[in-house]
Structure formats: structure tokens, C-alpha cells
Amino acid sequence: MAGSAISMLIYVDVCQNIPMTQDTDTTTQMDAIVTIFKAIADESRLSILAHLSSGPASVTDLAELTRRKPPSVSPHLSVLARGGLGAAERRGPTRISISSS
């Protein structure tokens with residue numbers, strides 16, 4: 001029962017972040033929701049997202065957090081960005097990632 005309640009809360013929170021208008025069809029809305037759930041379906045991405053909720057971080061910082069090499073963190077950041085859960089910007093030679101929340 002508790003798992004169902006948590007799932008519903010996550011679903012409601014996700015839905016609040018999806019722009020919906022009368023012109024937006026149900027398939028488009030569901031595709032957006034699926035993209036977000038796929039983005040958070042990985043333990044490394046959840047760790048990255050939790051870390052970014054406290055502020056921006058470099059790819060190197062996130063690599064240390066997830067115990068990965070920096071090049072393997074970038075695909076995770078791309079998935080989060082596609083889900084609307086983060087963005088990246090360059091500051092000199094450093095790529096900084098920022099959570100959208």
C-alpha cells in the first residue's frame with residue numbers, strides 16, 4: 001500500500017512538470033511522463049539528481065560521486081536533460097550540470 005502511495009506522489013509531481021494545454025494530446029503527455037520515468041530509473045542518475053538538488057556540480061564531481069569515469073557520466077546527464085531534469089553549461093574547460101528543480 002505504501003509503495004502505491006509513493007508511486008502516485010511521484011506520478012503527480014511528474015505530471016505537474018509537464019506542460020499541458022488543451023492542444024496536447026494524451027499520447028504526447030504519456031510520452032513525456034515515460035521519458036521522465038526512464039530518466040530516473042537508474043540508480044546513478046538518481047544519485048546525480050539528488051546531488052544536483054543541492055547545487056551545480058562538475059562532471060568530475062559527479063563521476064566521483066557515482067564511482068565512474070567522467071566520460072561515462074555524460075550519457076547519464078544527457079538522459080536527465082532529455083527528461084527535463086537537468087541542464088549543462090560550459091565554464092571554461094569544465095562542464096557544469098544543474099538540476100532543473
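Which residues are buried in α5? The close-ups below take this up, along with two other spots. This is a predicted model, in which local features need pLDDT of at least 70, side-chain atom pairs count only at pLDDT 80 or more, and totals for chains, interfaces and linings use all residues. Residues are numbered from 1 along each chain as its sequence is written, and side-chain values use heavy atoms, with hydrogens and water left out.

View A. Helices are DSSP runs of H or I with at least four residues, numbered from the N terminus. Val73, His76, Leu77, Val79 and Leu80 are buried in α5 (under 20% relative accessible area, with a 1.4 Å probe and protein chains only). They sit on the same side of α5, because their arc around the axis is only 155° (taken from the directions from the helix axis to the C-beta atoms). On the other side, look for Pro71 and Arg82, which are exposed (over 50%). After α5 comes Gly84, with a positive phi near 75°.

**View B. Helix α2 (residues 26-39).** Here the buried residues are Gln29, Ile33, Ile36 and Ala39. Their arc covers only 125°, so they share the same side of α2. Thr27 and Lys38 are exposed on the face turned away from that buried side.

**View C. Thr66 in helix α4 (residues 59-66).** Thr66 counts as buried because its relative accessibility is 13%. Its side chain reaches the backbone oxygen of Leu62 at 2.9 Å. Beyond neighbours within four places in sequence, Thr66 is in contact with Ser44, Ser47, Ile48 and Val73 (heavy atoms within 4.5 Å).

Technical notes:
Helix = DSSP H or I, 4+ residues; strand = E, 2+ residues; numbered from the N terminus. Polar contact = N/O pair within 3.5 Å; in protein donor to acceptor, adjacent residues only side chain to side chain. Expected span 1.5 Å × (residues − 1).
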